Amino acid sequence: MILLLALLLAAQGQAAQDDKATQQAETGDSEDAAPEGIVSRASGRPDHPRTLEEIVKSGYIRVLTRNNDTSFFIYRGHRMGFDYELGKKLAQHLGIRVDMIITQGWQEMVPALLRGEGDVIAAELTVTDERRRGVLFAEPWGHTREVIVWKDGSPEIKSAEGLSGKDVHVRKGSTYYGTLQELNAKLAAAGKPAVNVKVVPEEWETDTVLQAVSKGEIVYTIADDLLANIHTAYWDNLVVGPPISGERDLAWAVRPGDVKLKKAIDDVFRELRRKPDFNILRKKYFEAERSLKKERKDKFYASETGTLSPYDPLVRKYAEQHAFDWRLVAAQIYQESHFDPARKSWVGALGLFQIMPATAKGLGIQDPTDPEQSIRGGLKYMQQLSDHYKEVPDPIERYRFALAAYNTGFGHVDDARHLARAGRKDAARWREVAPFLLKLSDRKYAHRARFGFCRGSEPVDYVRHIDERYTGYAQLVPLERASRQ
C-alpha cells in the first residue's frame, strides 16, 4: 500500500513538473536553473557578511529592498518589481538564486547589509556623499532629481524657495529630508522663514506619502521625479512641481570593500544595456503609460489589499481547519496552477491543486475544477501527507516535507531522511534532508535506498519554488485577515 501510494504521488508530482514549462511561458514567471543544493530562505539566515565566493557556494544572494510599486511587489500572486527582476538577472549571472528581503528604508538597510543579513541593497537609491561613507555603490543605472509635489488646487510653488514657511512632509531617513535641511540653510542666509519639515513614519513608502497628498491629508512633499511621474498616472490630481535638487545618480550598493560583488553587478548591468533587456525593464516599471493605475485598483494587488487570489477566503477557511499557514498553501496552489481552476496538465491532473483523477476520487472530489472541492480535497491530502511527518515539531518544516512527498512520494523522502540520520544531520529540518534527496539520483546511493533511484532535483526544486514564493507572500501579506483596503 505504501509503495502504491508512493507511485501515485510520484506520478502526480511528475505531472506538475511537466506542466511547469507551460505555466512559465504563459506568465513569464520563469524559474532560473537551480544549482546543486538548497537555495532558498530554507537554507538559513547568514550570520556574517559573506564574500562573493560564499554567496555563490550557498546558492542564493539576498537582496535588501523595499515593498513599493517599483522595487518589489506581488500582483495576482506573481512576484514583480524592477529590482526583483534585476536581482534575478544578477543571480542568473552567478548561477544561483535571488532572495528578496523587505526592509523599512535606508536607516534599516545599511545595518542589515553590514550585519550580513543581506548582500546587496537595491531600492532606487540616490547616491549621496553621506551614503558613500557607509557603502560601496555600483555604477549608476539611472538618474533622477527631487521635485516638489502637491495636490491640484493647492497654492502653486514656482521654485524651491517658494516652500519657505510651508509644511512639507518627508521621511527623516530619506534624501528628501537632507535636501530640505540644505534649503533651510540657504533660506536662513537670505533672512527667509524656514521650511516646516514634518516627519512621516519611516515605514511609509514614497507612494504612501503621495497618496496622502492626493487625499488632501498632506499639502506638500518631495519625491524623485522618476517616482512622482509614475504616480501622477494613478492619482491624477497630483501636480509635479519644480526641482529642489540637481540630478543625482541611482545605484545599487554593497558593503565597503566588496569589490568583487560590485564588479559582478556592474558586469550584469553593462551586459543588460547592450541588449534591449534593460530598457524593456525600465519602461515596464517607470515609463509605460501606466497600467499601474489599473493594477493598484485591482483587488489582487497584494501590497494594497493583502489579497493574493480570488480564492483567498476558501484557502483561509480550509487552511485554518488544518492549522496550515494559508499563505504557504496559496504559494503551493500558485506553483501548481497559477490560481487557474480549469488548468489541466498533459497527463490529466486537474484544478487548483492539479490532482490526478484517481486521487481526486479517493479524496471525495467529484469535480476537480471546482475551486472549493479542489482546495478542500487538496488540503485533506496535504494533511494526510503532513501526518506522516508528525514527529517533525515545526509546522512549516512539516509542510515542506509534505510538499516533497506530494511531488515524489513518501518513499524517496523517507530514504533521504534515513540517509540524513546516517550522516548525523537533523532529519526534522528540510534543508538538512534535501541534499540527501539529491544524492538519490546517484546510483551509488540509490542502490542502497529502499525505494531506489529518485530524480531528486524535482522535489527539491518544487519545495524551493514554493518556499521562496511563500517568503514573498509572508513579507507582504498579513497572516490574519488584511486590514489595508
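Helix α15 passes α18 in a right-handed crossing. A crossing is right-handed if the near helix is turned clockwise from the far one by less than a right angle, and left-handed if anticlockwise. The model is predicted: local features need pLDDT of at least 70, side-chain atom pairs count only at pLDDT 80 or more, and totals for chains, interfaces and linings use all residues. Residues are numbered from 1 along each chain as its sequence is written, and side-chain values use heavy atoms, with hydrogens and water left out.

Two packed helices are described by the angle between their axes and the distance between the axes. For α15 (residues 326-337) and α18 (residues 395-408), the angle is about 20 degrees and the axes are 12 Å apart. Axes are lines fitted to C-alpha atoms, for helices over the stretch in contact, and angles run from 0 to 180 degrees between N-to-C directions. The pair is therefore roughly parallel. Angles under 35 degrees fall in that class; over 145 counts as roughly antiparallel, 65 to 115 as roughly perpendicular and the rest as oblique. Helices (H or I, at least four residues) and strands (E, at least two) are DSSP runs, numbered from the N terminus.

From α15, Leu328, Val329, Gln332 and Glu336 meet Ile396, Tyr399, Leu403 and Tyr406 of α18. By class, this contact of α15 with α18 has six nonpolar residues, one polar and one charged. Ala, Val, Leu, Ile, Met, Phe, Trp, Tyr, Cys and Pro count as nonpolar; Asp, Glu, Lys and Arg count as charged; the others, Gly among them, count as polar. Contact means heavy atoms within 4.5 Å.

Helix α15 also packs against α14. The axes of α14 and α15 come within 9 Å and cross at roughly 125 degrees. That value makes α14 oblique to α15. The crossing of α14 and α15 is right-handed. Asp312, Val315, Arg316 and Ala319 of α14 meet Trp326, Val329, Ala330 and Ile333 of α15. The contact of α14 with α15 comprises six nonpolar, no polar and two charged residues.

The loop between α14 (312-321) and α15 holds Ala323. Most residues other than glycine have a negative phi. Ala323 has a positive phi of about 60 degrees, although it is not a glycine. At 64% relative accessibility, Ala323 counts as exposed. Exposed means over 50% relative accessible area, buried under 20% and partly exposed in between (1.4 Å probe, protein chains only). Arg424 lies in the loop between α19 (410-422) and α20 (430-439). Its phi is near 60 degrees, a positive value in a residue other than glycine. Arg424 is exposed, at 82% relative accessibility.

The protein chain has 22 helices and 14 strands. Of its 485 residues, 59% count as buried. Residues 24 or more positions apart account for 71% of the contacts in the chain with a separation of 6 or more.

In soluble globular proteins, nonpolar side chains tend to be buried together. A nonpolar core is a set of buried Ala, Val, Leu, Ile, Met, Phe, Trp, Tyr and Cys residues joined through side-chain atoms within 4.5 Å. The largest nonpolar core has 125 residues, of which Ile61, Leu163, Leu379 and Met382 touch the most other members. Helix α18 gives the most to this core, with eight residues. Beyond its neighbours within four places in sequence, Leu379 is in contact with Tyr318, Ala319, His322, Phe324, Val329, Phe353 and Tyr399. A second, separate core has 15 residues, including Leu64, Leu113, Ala123 and Val127.

Helix α8 (residues 206-214) is mostly covered, with seven of its nine residues buried. These are Thr206, Asp207, Val209, Leu210, Ala212, Val213 and Ser214.

Arg417 is in α19 and is buried, at 5% relative accessibility. Not counting residues up to four places away in sequence, Arg417 touches Tyr389, Glu391, Val392, Phe401, Ala427, Ala428 and Val433. Ala264 lies in α10 (residues 259-274) and is buried, at 6% relative accessibility. With residues up to four places away in sequence left out, Ala264 touches Leu90, His93 and Leu94. Ala264 and Leu52 are 212 residues apart in sequence and 9.1 Å apart in space, C-alpha to C-alpha.
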